[in-house]
Amino acid sequence: MARSYDSRKRILVTGGAGFLGSHLCDRLLDAGHEVLCLDNMYTGTKRNIDHLHANPRFEFMRHDVCFPVYVEVDEIYNLACPASPVHYQHDPVQTTKTCVHGAINMLGLAKRLRCRILQASTSEVYGDPSVHPQTEDYWGHVNPIGIRSCYDEGKRCAETLFFDYHRQHDLEIKVARIFNTYGPRMHPADGRVVSNFVVQALKGEPITIFGDGQQTRSFCYVEDLVDGLIRLMESPAEITGPVNIGNPNEFSMRELADAVLAQVDTKSTITQLPLPADDPKQRKPDITTAQTKLGWEPRVQLREGLTNTIAYFRELVEQGEA
């Protein structure tokens with residue numbers, strides 16, 4: 001009997017108490033589904049999901065995806081993994097285990113249940129790219145033994161596992177390559193550039209730019225990103241991905257700093273620090289696949305997204321939590 005993707009589903013979101021995961025849980029609950037949020041709280045926080053506990057269709061399970069889990073669900077979004085360099089480099093061996101063992105365990109669960117599973121991959125699979133913008137058929141330029149490799153190569157291996165389970169076991173898979181995303185519920189100390197700049201500006205501290213500030217990123221607002229993930233999950237089975245999900249509008253680090261300073265009344269000045277090892281110089285998605293196959297493209301522009309993000313961090317700073 002064919003499954004209907006229009007009816008209520010019980011959906012597992014690993015990493016569901018994290019930045020992206022908690023917003024995804026919100027959207028799935030708003031759509032009427034039941035959500036099982038699984039997180040070991042390594043980078044996720046209870047604050048992100050406190051507002052969901054009163055919902056009878058929401059359930060939280062504290063668990064590490066490096067170990068098998070036995071639950072009954074209709075779909076799986078595998079978002080579990082620290083995503084910022086500060087966090088994934090803190091325990092690089094565990095980061096690789098989370099990427100690889102986590103993928104194996106979630107794929108094994110999906111195979112047993114014969115359910116659809118989505119992998120939250122990353123633009124980091126492209127490394128420091130020699131192709132710009134990055135298309136899904138670009139294989140990447142990654143250092144396999146660098147300080148970022150635990151995440152870059154861990155996610156690349158996870159993609160391999162997903163496609164091998166698809167080919168070998170006929171499993172329905174979806175692979176999203178997520179580009180830089182920002183918005184409320186980012187961890188204030190995750191070391192990512194948007195949270196760094198905003199918190200530094202709100203505190204009146206120097207805004208730290210690495211290198212000459214001309215390296216670029218493309219920033220996607222979290223609501224747009226979650227919409228892209230859901231559209232990919234609900235797309236026809238033959239659309240496996242990988243699909244780039246990100247905002248193709250490109251900004252240099254100095255342009256981002258100026259955009260933050262324009263919205264925060266602060267005495268902060270800009271200071272430059274040495275560029276970290278293996279830090280990509282350019283990052284911009286080609287989203288043609290998402291546009292043509294999913295009918296998706298980002299709607300929230302940087303100025304509007306920064307306004308919401310600054311308001312969130314301002315509250316944290318005032319409460320002494322950032």
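User: In this predicted model, which residue forms a salt bridge with Arg-148?

Analyst: Side chains of opposite charge can pair when their charged atoms come close. In this predicted model, the partner of Arg-148 is Glu-124, with the closest N and O atoms 3.0 Å apart.

User: Where do Arg-148 and Glu-124 lie, and how many residues apart in sequence are they?

Analyst: Both are in the loop between β5 (116–122) and α5 (149–169), and they are 24 residues apart in sequence, so the pair ties together parts separated by that stretch.

User: Is Arg-148 buried or exposed, and is Glu-124 buried or exposed?

Analyst: Buried means under 20% relative accessible area. Arg-148 has 7% and is therefore buried. Glu-124 has 11%, so Glu-124 counts as buried as well.

User: How many salt bridges does a search of the whole structure find?

Analyst: The search finds 16. Some salt bridges join into a network: Arg-8, Arg-10, Glu-34 and Glu-59 are linked in this way.

User: Which residue meets Arg-167 in a salt bridge, and where do the two lie?

Analyst: Arg-167 pairs with Asp-164, at 2.9 Å from N to O. Both residues lie in helix α5, three residues apart, which is about one turn of the helix. As for accessibility, Arg-167 counts as exposed because its relative value is 59%. Asp-164, with a relative accessible area of 33%, is partly exposed.

User: What is the corresponding reading for Arg-231 and Asp-227 in helix α7?

Analyst: Arg-231 forms a salt bridge with Asp-227, and the closest N and O atoms are 3.1 Å apart. Helix α7 spans residues 222–233, and the two positions are four residues apart in α7, so about one helical turn separates them. Arg-231 is partly exposed, with a relative accessible area of 29%. Asp-227 counts as buried, because its relative accessibility is 18%.

User: Next, cysteines. How many disulfides does the count come to?

Analyst: A disulfide is a covalent bond between the sulfur atoms of two cysteines. The cut-off for the sulfur pair is 2.5 Å. By this rule the count comes to zero. Cys-37 is in no disulfide: the nearest cysteine sulfur belongs to Cys-25 and is 4.4 Å away. Cys-81 is in no disulfide either, the nearest cysteine sulfur being that of Cys-99, 3.5 Å away.

User: Is Cys-37 buried or exposed, and is Cys-81 buried or exposed?

Analyst: Cys-37 counts as buried, at 0% relative accessibility. Cys-81 counts as buried, at 16%.

User: What does the side chain of Ser-268 reach at 3.3 Å, and which side chain does it make a polar contact with?

Analyst: At 3.3 Å, the side chain of Ser-268 reaches the backbone oxygen of Gln-200. The side chain of Ser-268 also makes a polar contact with the side chain of Thr-266, at 2.9 Å.

User: What does the side chain of Thr-181 reach at 2.8 Å?

Analyst: The side chain of Thr-181 reaches the backbone oxygen of Phe-179. Thr-181 has its place in strand β7, residues 181–182, and is buried, with a relative accessible area of 9%. Apart from neighbours within four places in sequence, Thr-181 is in contact with Phe-19, Leu-20, Met-186, Cys-220, Tyr-221, Val-222 and Leu-225.

User: Last, the surface. Which residues form a nonpolar patch there?

Analyst: The patch consists of Phe-210, Leu-273 and Leu-275, which together have about 230 Å² of accessible area. One of them, Leu-273, is placed in strand β13, residues 270–273. Leu-273 is partly exposed, with a relative accessible area of 35%.

Key: Residues are numbered from 1 along each chain as its sequence is written. This is a predicted model: local features need pLDDT of at least 70, side-chain atom pairs count only at pLDDT 80 or more; totals for chains, interfaces and linings use all residues. Side-chain values use heavy atoms; hydrogens and water are left out. Buried means under 20% relative accessible area, exposed over 50%, partly exposed in between (1.4 Å probe, protein chains only). A polar contact is a pair of N or O atoms within 3.5 Å; within protein, one must be able to donate a hydrogen and the other to accept it, and residues adjacent in sequence count only if both atoms are side-chain atoms. Contact means heavy atoms within 4.5 Å. Patches are made of residues with over 30% relative accessible area and no salt bridge: like charges are joined within 9 Å, nonpolar side chains (Val, Leu, Ile, Met, Phe, Trp, Tyr) within 5 Å. Accessible areas come from the Shrake-Rupley method with a 1.4 Å probe; for residues, only the protein chains shown count as cover. A salt bridge is a side-chain nitrogen of Lys or Arg within 4 Å of a carboxyl oxygen of Asp or Glu.
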